[in-house]
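Please examine the sequence and structure shown here.

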Amino acid sequence: MSDGLGIWTVLLAVVGGAIRVSTPFLFVSLGETITERSGRINLGLEGTLVFGAMSAYATAVMSGSPWAGVAVAGLAGGAFGLLHGYVCQLPRVNDVAIGIALMLFGSGLAFFLGKPFIQPSAPPLPAIPFGFWSDLPQVQAALRVNVLFLVGAALSVFLWWAFRNTKAGLIVRVAGDSADAARAMGYDVDRIRLYATGAGGVLAGIGGAYLSLYYPGSWNEGISSGQGLMAVALVIFARWNPLACFGAALLFGGAGALGPALQSVGVSQGYYLYYAAPYVLTLALLILTSSPNRALAGAPGELSLSK
Amino acid sequence: MVLIPAPPQIPDGAIGVETIGMTKRFGAFTALEDVSMTIAAGGFHALLGENGAGKSTLVKCVMGFYAPTSGHVLVGGREAEITNPKGAQARGLGMVYQHFTLVPSLTGAENLVIARSDAPAVINWASERAALSDFMSGMPFKLNLDRPVAELAAGEKQKLEIVKQLYLKARFLILDEPTSVLTPAEAEEVLGLLRAMTDRGDLTVLMISHKFREVEAFARTLSVLRRGRLVGGGAVGELSRDDMASMMIGERAIRTVAARIGEPDPSNEILRIEGVTARDVSGLREIAIEDLRVRAREIVGIAGVSGNGQKELADVLGGQIRATGGRVIVEGEVYSGKRAESRAHRVRFIPEEPLRNACAPRMSVAENLAFRAFDRRGDDPDKPPTLWLNKGAMGRRAKDLIARFKVKTASSEAPIATLSGGNVQRAVLARELTDPVDLLIVVNPCFGLDFAAVSEIRNRIVAARNAGAAVLLISEDLDEILELSDRIVVMSEGRLVYETPGASAEVGVIGQHMAGHH
């Protein structure tokens, strides 16, 4: 095998991986963007993601329909989000602490309920073969795009538009930037945040469905490996902008695909280091984009991390 | 589901408002007692009173923020039950608060549209923009509505707040100290235009103010509150300034500010700022101070409209932000605001909003008073460091300072956040001014304090100067600057643009430079 083809194979695998791996990042980060734009942080989305993966897989196994799985994952995620939103509006409750509690709770509940579903196999979500024009199997594999990825891409454009052009979008931003102003306008800030956290949970749940029903496409306890948490960091990196979330998700997805891609062309030395690429990238980006002399630009004013 | 009655029709012209027997108690404290006041449609009414006299309580009761303990409001001659600000808005009542209620990250246009109760679910910006520019062409102020509010200067924000209320069809407008963030020229412009609207019968204005000059120039009628009661009022012009002042403060001796004794020492330069540049944390505002010197026994007042870089200058001197260039020199050595440096050169820094910036709000008064030397043996800043707190010495020192500086507190062990604003400032001054001081930097020391506290705190500052300290006074209160300063420097858009000796200062010229006409 020539070096030239090796590099092309790696690049192609990274592009394909970016598309394949980014979808959960995308859904979780879009959900968290909605939540954080309303002025609340939900760190529990990791737990929601895992529970979404489990409930989607279980539903798909039992009903035979992957879309039913997606729907159940979304509902379960929404329930987690509403729970988080409800608990946080109680007096003297810290949203970060509740988020961590719900992260552990969601994962634990998913492991407990998901034990019987590790063995059976579920029908996967359909993908569209955009690589049909090529004879190369690598190209075909890279361009098999799942429907949920397209939905997520459309959703990020829609959210970007909606934050500027809809009443609901503006109200979420008002609640996130100045609770006093929202109250002065007669809006119930707690309710806005409850719905925003619920919506964020729905999207995180759907992200989980993608994990178990498409890629990697099975249910096990290590399925998320912290992707939900990384997606929260990604929201900060994307400066709470849904379009930037899309780009950042692709970047993280590509970094996540680097390890397997190198392994596939026979680079076996130290590939575990490449598996760590997304985590190193998270750390590096957060360090590079922060500064002791600047406030976080674009951060919603009510967020507990910017207060 | 609560049934919401159809909103009453807002008339086209100005609305009159009357309060009858308004009383508001918070627990045992009576903030407002039996206040009956009439503001005729098309009037321009001023509400005067000291801090804590009940002015804000009264207007908040009218706006539905508070439910009055007893009494009611008539709007346009009819009794109106207003239970929240939204209800007030539906009746044509609007209020511009002292703090901004605009949403910082939204643009002006977004702020206006979302404040409307009938904002559409999907906003068609093309048509909204056309409607807004149509509306703005009839407005007294020209504003850029496409920029995020966070990027606007304080004066522009204030204008936008007023425009917002007019956009929401307010026909009765309450202004809470509207000119505190405006330059004198801007204040004239804004109040003059609002006065013209009342003269045309389009609007009624109720203005809370401290400034007699403004009241005399723009209001037609006035009322004075003292300790929650209505103590007088009438037509502007019938009352002299002395009448108004004595109504506001009652029978109480006010100490005047101590005279400055002795001349600045020209040979003893304490603070020198050379070519300092810095940027604030949002990265939006920059300052560039070419050259600023403060000598011993001299008060240099930095005047300017808020948001022109004073905060950044203070933050550099206090060590909160790093300068990107230049040097700050204190007594011949480079100074960066570190604890050891401020101890060595006897520099004291009193930031604005002392409760937030100079205190740990939940720690006790005694602990807050000990901040400067708690880690030194015997609580003496000149002694070597110690590991253990000397609670006994801390307590004794606190009791002594509380007595000497007349800090009103339940006990030296009470959390400092329970003290009133004036007493927090007294406690901070007690901490910072007991030992000899070479350089004192104070920022807005009297913001939000009442008459008595103000004169006392200004006295302390002048006394420190007379004792030989160099004082840099950064203040948004021009009267304070004029009263205290040996030398006045005007700051505008991050630069020092004008300098004049305090004795021969002309308010008009200073005002022009504050407003950016150099």
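The points that follow are grouped by topic and concern a predicted model. Chain B holds an open sheet of six strands with mixed pairing and an open sheet of four strands with antiparallel pairing. The contact between the chains draws 18 residues from chain A and 24 residues from chain B.

**Six-stranded sheet of chain B**

- The strand order in this open sheet is E6-E7-E8-E3-E9-E10 (chain B).
- At its edges stand strand E6 (93–96) and strand E10 (229–235) of chain B, each pairing on one side only.
- Neighbouring strands of this sheet are turned against each other by 15° on average, direction ignored.
- Four bridges join strand E3 (residues 44–48) and strand E9 (residues 221–226) of chain B in the parallel sense.
- Opposite B:His45 stands B:Thr221 in E9(B).

**Four-stranded sheet of chain B**

- This open sheet runs in the order E12-E11-E14-E15 (chain B).
- Strand E12 (286–296) and strand E15 (333–334) of chain B each have a single partner strand, so one side of each is left without a neighbour in the sheet.
- Strand E11 (residues 265–279) and strand E14 (residues 325–330) of chain B pair over five bridges in the antiparallel sense.
- B:Leu271 has B:Val330 in E14(B) as its bridge partner.

**Contact between chains A and B**

- From chain A, 18 residues take part in the contact, and from chain B, 24 residues.
- On the side of chain A that touches chain B, the elements giving two or more residues are helix H7 (167–177) and helix H8 (179–184) of chain A.
- H7(A) supplies the largest share of that side, six residues.
- The residues on that side of chain A comprise seven nonpolar, six polar and five charged.

Terms used: Residues numbered from 1 in each chain as written. Chains lettered and ligands numbered in written order. Predicted model: local features only at pLDDT ≥ 70, side-chain atom pairs only at ≥ 80, totals over all residues. Pairing = 2+ DSSP bridges. Axes fitted to C-alpha atoms, helices over the stretch in contact; angles between N-to-C directions. Contact = placed C-beta atoms within 7 Å. Nonpolar A, V, L, I, M, F, W, Y, C, P; charged D, E, K, R; others polar.
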